[in-house]
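Please open the model in a viewer and keep the selection panel at hand. The stops below are meant to be followed in order.

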Protein chains: 2
Amino acid sequence: MNISVKVKKMENEKILSSVGFECSDNKRSGSFLVVDEDIAKMKNLNKKLEIMPLSEAVEKYPWLKNHLKSVSKNLLGYFIRVLPDSEIDYPIQTGFYMEKNKQQIIHNVLVAEPNSKVHLISGCVSSVNGEKHVGINHYFIKKNASLTLTKIHNWPDVITSFSKDNVVVGENATFISNYVGLTLGKKNKSNLVINIGKNGVAVINSIVYAKENNTLYINDKIFLNEEGARADILSRTISNGGKCFVKECISGRGKNTKGHIECDGLLLNNNGIIYSMPALEAMHSQTDLSHEAAVGKISEEELIYLMSKGIDEESAKTLIIQGFLENKIQDLPMDLQKSVENLIQRISTEGAI
Amino acid sequence: MNISVKVKKMENEKILSSVGFECSDNKRSGSFLVVDEDIAKMKNLNKKLEIMPLSEAVEKYPWLKNHLKSVSKNLLGYFIRVLPDSEIDYPIQTGFYMEKNKQQIIHNVLVAEPNSKVHLISGCVSSVNGEKHVGINHYFIKKNASLTLTKIHNWPDVITSFSKDNVVVGENATFISNYVGLTLGKKNKSNLVINIGKNGVAVINSIVYAKENNTLYINDKIFLNEEGARADILSRTISNGGKCFVKECISGRGKNTKGHIECDGLLLNNNGIIYSMPALEAMHSQTDLSHEAAVGKISEEELIYLMSKGIDEESAKTLIIQGFLENKIQDLPMDLQKSVENLIQRISTEGAI
């Protein structure tokens, strides 16, 4: 079953494109779009994929109910399943758009079956009518499978958003998460729990920018449960007056597990706060955990160096902010890469003033 | 007023000496010893010092009451004041010994007046009768003054101990804290809050060793409140079956403030936990905060290297553990240095088996 309600206005197409959702489906393997409380689009362009509303999937796959606390008639969101032994060429795109409603509550489930490989782009966006967005997501990455998840938020200042992601990384499986939060909304709270099996890998990259009146809470916890599990967290946070509380934890519980956290913060203005709290929990004598962090101002030395090359102060600051954010998010499709770069350019200029 | 009750047994002298308290007063500027609920010794050997029971001091200095939540007749502990412009040559020693009682609750206050300099050795020890020890301490370090505090715990496995230290570091003042916790007791909880004024400095060093059935909670918070305030935290934690929760936070709130945290942990055995959580809070754009941490096992490479030099595995491990703990605590008087070294030697051997 494919649902395809044409997204009505050009304006909306542009809004969706800002979070990686291409209404043309160009270079996408599948699309799932929720506008307010309706599935506005559902399209499956690859026969190695199953894409359906989650409300239908719970009938077909009753085990799903174990993972969904509030199984109601109103269960809104996708179920995506990548069939075994299938490498999906183009990304699947999902979009969640609050056009008129004040509230949106989404439940999503993705299952990457053994030996599959997929990239999921998930974009959230709202008009200024929105007030609250809740996203509850489950990702099951089976043996030898690989999921790259690129999540983009583009919230107006009025929005409060909560997201809760639960990820199970199977034996020898890979999870790569890219989070781009450059327009965070009033309050942005995310909670990520990852359980990693034998020789599984998780890589978490995030770039966030909080301006005046934005408050951000990130709370990530990764469990290296079994032998050889590995995790790498790299977060870059800029506060230009916003309040950022970033808590990252890696727990080493299996033999020869390895984890590293790098959290860097740049505070552009005294009204802001960056609270960086990377935690390491060693529960096995054969685990190897480390982290490093630096939170502070724009380096005077870098600034003076650039200015000595004839660059004016504002441009020098823009360059430093840009450098701080760039190259942290990898493997984006070209179109998305471009729109992230534009966003970085814009806020770098804004931050430098 | 000097109180001097002879410490009765040679055995007790030895116990006290293990936490830096020399009953002979050799190379000490003053002594204050509490045994159970009595002041067993109070001796002032330097006229630039004031030493008295805190219960007396609250009459002489009524402002003290603002800092003591439970001012009762039973207020037990010292008041020490270092007069202005006085550099005290030998350390002052304080000892808290639970010989027969199950419980000891101590309140202490030290004031280092402007331009003074002093080293305080504080030792806590108990017989196997003890159950609970509570220490609540206030240190006021005035303008240009300097306090070095060396705190040593030697608890039997039955003890639960709580300590709460409140430190005010004035303009251009220095606070150096050395904590040696190599025999931690059943549960050891410490809470340290430091507020630092203009150009003030705090340096916190700790070495702790938690064996089976020991649980350790460290919670340090340092506020760099004013321009030029600096803090440096270096903690080394070994778990040989014990549970260690180490939370260190530096909050940068003033211009040109600078803080660094380094937390390293060594987990020798899978029953143990090391939870390391160094937090940075940037609340001023001119603050510069950083940390690094590594928690894990004994490095295989180091071990193989030492063994290739003909050292057997157990001795190689002893050397690595010793290296991890040594040289972190500086400026100890010779006698104390020796007793800390002996302790490190003993637990390194224990840990290597």
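Predicted model: local features only at pLDDT ≥ 70, side-chain atom pairs only at ≥ 80, totals over all residues.

Residues are numbered from 1 along each chain as its sequence is written, chains are lettered from A and ligands numbered from 1 in the order in which they are written, and side-chain values use heavy atoms, with hydrogens and water left out.

**Stop 1: the interface.** Select chain A and chain B together. Each side is listed by contact (heavy atoms within 4.5 Å): chain B gives 35 residues and chain A gives 35 residues. The area buried between them is about 2,700 Å², with 52% from carbon and sulfur atoms; buried area is the accessible area (1.4 Å probe) that two parts lose on being put together, summed over both. No salt bridges are found across this interface, where the term means a side-chain nitrogen of Lys or Arg within 4 Å of a carboxyl oxygen of Asp or Glu.

**Stop 2: the paired strands.** Select residues 287-296 in chain A, then S20(B). These strands (DSSP runs of E, at least two residues, numbered from the N terminus) pair in the antiparallel sense over nine bridges; pairing requires at least two DSSP bridges. Which residue stands opposite Glu292(A)? It is Glu292(B), in S20(B).

**Stop 3: the annotated span.** Select residues 100-324 of chain A. An unreviewed UniProt entry annotates this span as "domain: SUF system FeS cluster assembly SufBD core"; such annotations may be inferred rather than shown by experiment. The end C-alpha atoms of the span lie 36 Å apart, and 9% of the span is helix (H or I, at least four residues) and 64% is strand.

**Stop 4: a salt bridge.** Select Arg236(A) and Asp264(A), whose side chains form a salt bridge at 3.4 Å, N to O. Arg236(A) is in strand S16 and Asp264(A) in strand S18 of chain A, so the pair ties together parts 28 residues apart in sequence. Over all chains the salt bridge count is 32.
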